[in-house]
Amino acid sequence: MGETDDDGVRSGKTVFVTVDTQEVKEELSRKGYTHILIQMGRGSFIPTKSAGKNGCLAVDYFTFTSSIADCLKSVSLVLSHADTWDTSRT
């Protein structure tokens, strides 16, 4: 499922997520994704970073970026939760 570099890290497809569960990680790995980039909210859950060795997904995360567009341009897939916006309250 992807090539490995000299450090044993797989290269390949990256997915950007705003939701994270073990089941999601397992399914993404089965689909050939090798890297997961998580945008965290203000919750208390902190993901575990991983270099992606031994067939595991490489995991990285951040809480804020001034240009999310740069992240979105560099990934193969975006998974996010949908939120409704009540325009009558603005």
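This is a predicted model: local features need pLDDT of at least 70, side-chain atom pairs count only at pLDDT 80 or more; totals for chains, interfaces and linings use all residues.
**Exercise 1.** Find which residues of helix α1 are buried and which are exposed, then state what covers the buried ones.

*Solution.* 
Step 1. Helix α1 spans residues 22-30, and Lys25, Leu28 and Ser29 are buried in it.
Step 2. These three cover an arc of only 100 degrees around the axis, so they are on the same side of α1.
Step 3. An α-helix has 3.6 residues a turn, so residues three or four places apart point the same way.
Step 4. Glu23 and Arg30, on the other side of α1, are exposed.
Step 5. The cover over the buried residues includes β1, β2 and β5 (77-79).
Step 6. Just after the helix comes glycine 32, with a positive phi of about 95 degrees.

**Exercise 2.** Classify the pair formed by the rings of phenylalanine 16 and phenylalanine 62, and explain what the pair ties together.

*Solution.* 
Step 1. The count of aromatic pairs is 1.
Step 2. The ring centres of phenylalanine 16 and phenylalanine 62 are 6.1 Å apart, and rings pair if their centres lie within 6.5 Å.
Step 3. The planes of the two rings stand at 25 degrees, so the pair is stacked, the cut-off for stacking being under 30 degrees.
Step 4. Phenylalanine 16 is in strand β1 and phenylalanine 62 in strand β4 (residues 58-62), so the pair ties together parts 46 residues apart in sequence.
Step 5. Phenylalanine 16 is buried, at a relative accessible area of 2%, and phenylalanine 62 is buried too, at 15%.

**Exercise 3.** Over which ring faces do lysine 13 and lysine 49 lie?

*Solution.* 
Step 1. Lysine 13 is over the face of tyrosine 33, at 4.4 Å from the ring centre.
Step 2. For lysine 49 the ring is that of tyrosine 61, with 4.9 Å to the ring centre.

Definitions and conventions:
Residues are numbered from 1 along each chain as its sequence is written. Side-chain values use heavy atoms; hydrogens and water are left out. Rings of Phe, Tyr and Trp (its six-membered ring) pair if their centres lie within 6.5 Å; planes under 30 degrees apart count as stacked, over 60 as edge-to-face and the rest as tilted. Helices (H or I, at least four residues) and strands (E, at least two) are DSSP runs, numbered from the N terminus. Buried means under 20% relative accessible area, exposed over 50%, partly exposed in between (1.4 Å probe, protein chains only). A charge sits over a ring if NZ of Lys or CZ of Arg is within 6 Å of the ring centre and within 35 degrees of the ring normal. The arc is that of the directions from the helix axis to the C-beta atoms. Contact means heavy atoms within 4.5 Å.
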